[in-house]
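User: I have a model open in my viewer and would like to learn how to read it. Could you walk me through a few features?

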Amino acid sequence: MNILVLMKQTFDTEEKITLTDGKVNEDGIEFIINPYDEYAVEEAIKIKENDGGEVTIVSLGPSRTESAIRTAMAMGADKAILVENEDIPLDEFSAANILSSVIKEQEYDLILCGHMAVDDGSSQVPQRIGELLGIPYIGTAVKVEASGTQVVVERDVEGDTEIVEAVLPVIIAAQQGLNEPRYPSLPGIMKAKKKPLERLEIEDLNLSDDEVQPRTEEISIYLPPKKEAGRILKGELADQSKELIELLRNEAKVI
Amino acid sequence: MSKKVLVLAEVKDGKLRNVSYEALSAAKKIADGGEIASVLLGSNVEQYHSSLGHYGANKVYLLEDPKLDLYTTDGYKEALLQVINEFPADVILVGHTGIGRDLTPKLAQSLKAGMVSDSTALEVVDNQVVFTRPIYAGKAFVKKTIKEGKVIATIRPNNIPVDEPDTGLQAEVIKLTYQPSETALLVKVRDVIRKASKGVDLTEAKIVVSGGRGVKSKEGFEKLYELADLLNAAVGSSRGACDAEYSDYSLQVGQTGKVVTPDLYFAFGISGAIQHVAGMSNSKVIVAVNKDPEAPIFQIADYGIVADMFDVLPILIDEIKKMNA
């Protein structure tokens, strides 16, 4: 089975966000594979190990994305395509058009990706790609069983589990709990260096101006007001507990 | 300039979801005198039209069809496209719920439109809707607008105030016949296994009672459920508690997990790692209970108790029982 994995490189979730000239500061930031995309990479490799086929990573982002791609290759992905973009402003609409135009040139049975990216968190691009390719989108997957031409997926829906089935190809977005991503092995890391990485530019793709034109516009980015540390209650535990209820009821008025 | 606004009304467990009322209040702000329509999908949903009218819908489009009882992305998308065909909305608002986040981007793409996800506030400036939304799970915020075409957004539960209903208002009900294409039926729902019946939905809850590694066991979480039941609250957890299998990942609050903004957030035995804090620090009031006085959670808590959570919980439960009595 040939599987495409859509993967984004994101800030490490440990990172604090700071702004320089109204933009998110990237200096000194550790970058990782978007954690939800990492589940997708792992799932793709597991399916390949069982059924054979090839796993291709498809990414859109600055050239630093290569390090995330090499990590996915060290885990077991076979090859990758990176649409390099350093500074052309994009949004979910234009990003989906760009990725779809790359995907349309590939042969695939299944597309896997994360259900959201931990940086922007908008959770739009996979659904949009499903629409552009005319294939079903199945979101927040916690179990995937692909066999032959069919796939059965368990989805997390606000804590409930929904079991759905569809005929391939489909695009499936991973939720936490799908699997435990492996650590790259040392031989894996060595092999990854030589695996093929194709680099493309947006201009190389067959897209109209309208398709790469973002529909949305960012007006400003700001940091939330810093939360002040509040009151540590004192005294006997029973009194503290009573005081807390009293404060929540009469001062904060939330119970 | 007045705008036509469409709101998807969501019914869950026999009730309209609160976020649907929040979306209607947002719609009134945007419509500027324009028409507001709402959509109800599934069997036996006509009864909800009156509430939608009271909260601001002028029209309610009704697609009563058992094929829409179980949500599928393309089934709902096509149903909404049918409504948009009748009611050419300038603005479409949907709750950022399990359904909303799954459906709305696909709908937006089929309309070649831009979309803002998970908006926590909105205002109309120079005839344009300016949305505020969190990025990096709330470590920062962005203000965004949609430059051209339809304006489509999902709104985060619990953030947009609901206007008082006017019971004198009535919505006109318009029935449509659901006409799905073959594509809409490509994904079949085999089964839905209810697990989340225990308590209130995490993202919509006004009060969240969360536990971390300090809860120490699955049984420990039972005590949190007891407190949550008394407060009509939802239970959440930190990643640590999920990794240790005290709690299910579907309850995880944090940067990987759910971002919540309740009126009141209890953090029991949670140290306050940056990833967890990103998921809850925009709660209105935060209470932390932790043995470790140096735990970073105290830096963002409005009220803190330095103690073993299992010493505090029974007293809190008793006090609340007395208060409720």
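This is a predicted model: local features need pLDDT of at least 70, side-chain atom pairs count only at pLDDT 80 or more; totals for chains, interfaces and linings use all residues.

User: Let's begin with the interface. How much area do chain B and chain A bury between them?

Analyst: The size of an interface is often given as the accessible area lost when the parts come together. Here, chain B and chain A bury about 7,500 Å², and 56% of that is on carbon and sulfur atoms. On the chain B side, Gln109(B), Tyr136(B) and Tyr303(B) lose the most area to chain A, together 10% of what that side buries. Counted by residues, the contact takes 91 from chain B and 82 from chain A.

User: And how many salt bridges does the rule find across the interface of chain B and chain A?

Analyst: The rule finds 11 salt bridges there. A pair to look up is Lys12(B) with Glu158(A), which form a salt bridge whose closest N and O atoms are 2.8 Å apart.

User: Now helices. At what angle do the axes of helix 6 of chain A and helix 8 of chain B cross?

Analyst: Two packed helices are described by the angle between their axes and the distance between the axes. For helix 6 (residues 237-251) of chain A and helix 8 (residues 309-324) of chain B, the axes cross at roughly 50° and come within 9 Å. These two helices are therefore oblique to each other, and the crossing is right-handed. Residues making the contact include Leu237(A), Leu244(A) and Ile245(A) from helix 6 of chain A, and Ile315(B), Leu316(B) and Met323(B) from helix 8 of chain B. By class, this contact has 9 nonpolar, 1 polar and 4 charged residues.

User: What about helix 3 and helix 4 of chain B: how do their axes cross?

Analyst: The axes of helix 3 (residues 73-86) and helix 4 (residues 98-110) of chain B come within 9 Å and cross at roughly 55°. This pair is therefore oblique, with helix 3 passing helix 4 in a right-handed crossing. Among the residues that meet are Tyr76(B) and Leu80(B) in helix 3 and Leu103(B) and Leu107(B) in helix 4. The contact has 7 nonpolar, 2 polar and 4 charged residues.

User: Last, the backbone. Is the peptide bond from Leu168(A) to Pro169(A) cis or trans?

Analyst: Most residues other than glycine have a negative phi, and most peptide bonds are trans. The bond from Leu168(A) to Pro169(A) is cis, with omega near 0°. Look for Pro169(A) in the loop between strand 11 (160-167) and strand 12 (170-174) of chain A.

User: Where does Asp13(B) lie, and what is its phi?

Analyst: Asp13(B) is in the loop between strand 2 (11-12) and strand 3 (15-16) of chain B. Its phi is near 50°, a positive value in a residue other than glycine.

Definitions and conventions:
Residues are numbered from 1 along each chain as its sequence is written. Chains are lettered from A and ligands numbered from 1 in the order in which they are written. Side-chain values use heavy atoms; hydrogens and water are left out. Axes are lines fitted to C-alpha atoms, for helices over the stretch in contact, and angles run from 0 to 180 degrees between N-to-C directions. Helices (H or I, at least four residues) and strands (E, at least two) are DSSP runs, numbered from the N terminus. Angles under 35 degrees count as roughly parallel, over 145 as roughly antiparallel, 65 to 115 as roughly perpendicular and the rest as oblique. A crossing is left-handed if the near helix is turned anticlockwise from the far one by less than a right angle, and right-handed if clockwise. Contact means heavy atoms within 4.5 Å. Ala, Val, Leu, Ile, Met, Phe, Trp, Tyr, Cys and Pro count as nonpolar, Asp, Glu, Lys and Arg as charged, and the others, Gly among them, as polar. Buried area is the accessible area (1.4 Å probe) that two parts lose on being put together, summed over both. A salt bridge is a side-chain nitrogen of Lys or Arg within 4 Å of a carboxyl oxygen of Asp or Glu.
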